[in-house]
Amino acid sequence: MISVSGLSFRRDGGFTLRVDSLQAADGQVCALVGKNGCGKSTLLRCLAGILPYEGSALVDGREVRGLGHRERARRLAYLPQDPGCPHMDVRTLVSHGRYATLGAVRTMGERDRALVRRAMGLTGVWQLRDRWLSDVSGGELQLAYIAMVVAQDSGTLLLDEPSAHLDALRCRELADLLRRLAGEGLAVVVATHDVEAAFSSSDQVCLMAEGDVVARGTPEEVAASGRVPQALGVGVERQEGPGLLWGYALTRT
Amino acid sequence: MSAGGGERTGTRCRVALALGVTVLVAVALASLVTGTAALGTLDSLNALGTLALGGDAGATASLVLLGVRAPRVVAGACCGAALACSGLLLQASLDNDLASPGVMGVNSGAGLFWLVAALLVPGHPVVRQGMAFVGALVSTLLVYLVSRRAGSSRGTVVLAGVAVSSLMGAGIDAVVTIWPESVADRVAFTLGGLSGQTFQRLALGVPAMAAALAAAVALGRGIDLLALGDETAHGLGLNVRASRLAAIVCAAVLAASAVSVCGLLGFVGLIVPNLVRMWASPGTRPGLALCAVWGASLLVACDLVARTVAFPYELPVGLVLSLLGAPFFISLLVRRGRGRRSHSVAAARGGDAR
């Protein structure tokens, strides 16, 4: 569980992030949406302990900046935007997710291997396990990275643009996967530009603009707040009907 | 679908390691029984057999084999292994294939400080060894800090390395020009050489190499994570800054120990890690094992050529390394470039490659 209160971060260039309050409870998917440069990734990087913030960010009741590196990684998994394509195979990449829990000699045990297999199965990259990362598509690479943070087996997932490079069907499958992980008790925080997916499959939407949270609540509450067009430049509207991929659609403002 | 990358890597590592050990044993034996002294190959073999069985091979044979050739072979193997492992650690920690003790100024930094120590505190090998380590560390950290301030791109790291290497190299030239007595054999030091080795001289460098190598193996999994990028590695629980610094310190100790024994041998730290990564693409731990074995084999083999090819003269081993290694390395780079281009064409025709 993530709990934020009075968090702020000021960049040298003048950008300031201010989040008065934000909670992502266990079993919930919380989506951060907003225009480019509104502070979504900055907030995730503060929560991941990468940027030095002021105020409070608690994970499982412990202040993030007070945690040691491995202790933090055991409680909180973070996947940044556009991770690279190092020269290794998919299985090795996913196995790196177990780093924080390995002992002094850093060799994997049976439980570690089982978690790696499960993560590859959940994300659909099991068939790709022996392929080089340079030999898979951009979407498959993204799924391999998501498998890596799932293998980390921490209670909270922070994902920055996890649907980048994924086709429409894979985006839907990713949303279902995140819901399933939340169903297993994880708190999932996702920064995304996929507004339809965010409103359709999240328990909570956090609408951001220029470093501030301008609306927060259930997708219905945020959609009805009247803040969406100003924050996103587009509207969002509930849609119903058989065969629709998402429950919300973008509209012109 | 391509064949299994992980299984292929494991198999290739095992094959490369077995082959490397075989080559190392072969070149070490050849080096022991070949020489310019008045002890022919057959006599050397007989004497070696006698010594191995605990017998008395005679004063001359014992002196040549145990006092001259054996220390030289051990020095070559240890320095080759240390420089290759140092190169691998620098490449992995700085995420740059061109990083090596020679390019990054680690060797020249160690060399400059070693010379200054020899000049100021003559007759104290421990001080020289310590100063070589300080020089290697100063150079590496200078490159690291300059490249961080200048943007830390792959190109910047190498450019900063070239600049620091030039600076330290100029310092070495200045010292040996103004105080030629600071080094006994200027050519052997600046090009790298293995003549005149003794086990006493190795007694300081080899334990430092072994300690740095053991530390690097312990850090191996963390160094692997650096390839994923700093933020991803941080998210996985790695103390990125400490791990990178520790890898650099290990690389500096390895290079400094080698420089204090064999002078400024640069090329082995570039060529061997790249060959290992091209062939097997291993993680840091198996990569260190492969680099140690193949670095040792390459240097011992080149030293054998250096001793025999221009008999009765002896070439500096660094010269042989560059003459043989550079064309071989260039041909490998060209072949790899062709392979990548044909792969790109095939991928473009095949559609969804990336």
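A:Asp153 counts as partly exposed in this predicted model, because 19 other C-beta atoms lie within 10 Å of its own, and a residue is called buried when that number is 20 or more. A:Asp153 is found in the loop that runs between helix 5 (138-151) and strand 7 (156-160) of chain A. Its backbone deserves a look as well, since most residues other than glycine have a negative phi. In A:Asp153, however, phi is near 60°, a positive value in a residue that is not glycine.

Along its principal axes, the C-alpha trace of chain A spans about 55 × 45 × 35 Å. A compact globule of 253 residues would have a radius of gyration near 18 Å, and the value for chain A is 18 Å, which agrees with that expectation. Among the contacts in chain A that have a separation of 6 or more, 65% are accounted for by residues 24 or more positions apart.

Chain A also touches chain B, with 29 residues of chain A in contact with 22 residues of chain B. On the side of chain A, the elements that give two or more residues are helix 2 (69-75), strand 6 (76-79) and helix 3 (90-95). Which of the elements gives the most to this side of chain A? It is helix 2 of chain A, with 4 residues. By class, the side of chain A that touches chain B has 12 nonpolar, 9 polar and 8 charged residues.

In chain B, the packing of helices comes into view. Two packed helices are described by the angle between their axes and the distance between the axes. Helix 3 (residues 59-94) and helix 11 (residues 240-262) of chain B pack at an angle of about 155°, and their axes are 8 Å apart. That angle makes helix 3 of chain B roughly antiparallel to helix 11 of chain B, because angles over 145 degrees are counted in that way. Helix 3 of chain B passes helix 11 of chain B in a left-handed crossing. The residues that make the contact include B:Ala75, B:Cys79 and B:Leu83 of helix 3 of chain B, and B:Arg244, B:Ala247 and B:Leu254 of helix 11 of chain B. By class, this contact has 17 nonpolar, 3 polar and 1 charged residues.

Helix 3 of chain B also meets helix 2 (residues 41-52) of chain B, and here the axes come within 10 Å and cross at roughly 85°. That makes helix 2 of chain B roughly perpendicular to helix 3 of chain B. The contact is made by B:Asp43, B:Ser44, B:Ala47, B:Leu48 and B:Leu51 of helix 2 of chain B together with B:Ala61, B:Ser62 and B:Leu65 of helix 3 of chain B, and these residues divide into 5 nonpolar, 2 polar and 1 charged.

B:Met168 has its place in helix 6 (residues 154-178) of chain B and is buried, with 25 other C-beta atoms within 10 Å. Leaving aside residues up to four places away in sequence, B:Met168 touches B:Gly105, B:Ser108, B:Gly109, B:Leu112 and B:Ser139. B:Leu324, which lies in helix 14 (residues 317-350) of chain B, counts as partly exposed, with 16 C-beta neighbours inside 10 Å. B:Leu324 and B:Tyr313 are 11 residues apart in sequence and 18 Å apart in space, from C-alpha to C-alpha.

Terms used:
Residues are numbered from 1 along each chain as its sequence is written. Chains are lettered from A and ligands numbered from 1 in the order in which they are written. This is a predicted model: local features need pLDDT of at least 70, side-chain atom pairs count only at pLDDT 80 or more; totals for chains, interfaces and linings use all residues. Axes are lines fitted to C-alpha atoms, for helices over the stretch in contact, and angles run from 0 to 180 degrees between N-to-C directions. Angles under 35 degrees count as roughly parallel, over 145 as roughly antiparallel, 65 to 115 as roughly perpendicular and the rest as oblique. A crossing is left-handed if the near helix is turned anticlockwise from the far one by less than a right angle, and right-handed if clockwise. Two residues are in contact if their C-beta atoms, placed from the backbone, lie within 7 Å. Ala, Val, Leu, Ile, Met, Phe, Trp, Tyr, Cys and Pro count as nonpolar, Asp, Glu, Lys and Arg as charged, and the others, Gly among them, as polar. The radius of gyration is taken over C-alpha atoms; the globule rule is 2.2 Å times the number of residues to the power 0.38. A residue is buried if 20 or more other C-beta atoms lie within 10 Å of its own, exposed if 12 or fewer, and partly exposed in between; C-beta atoms are placed from the backbone.
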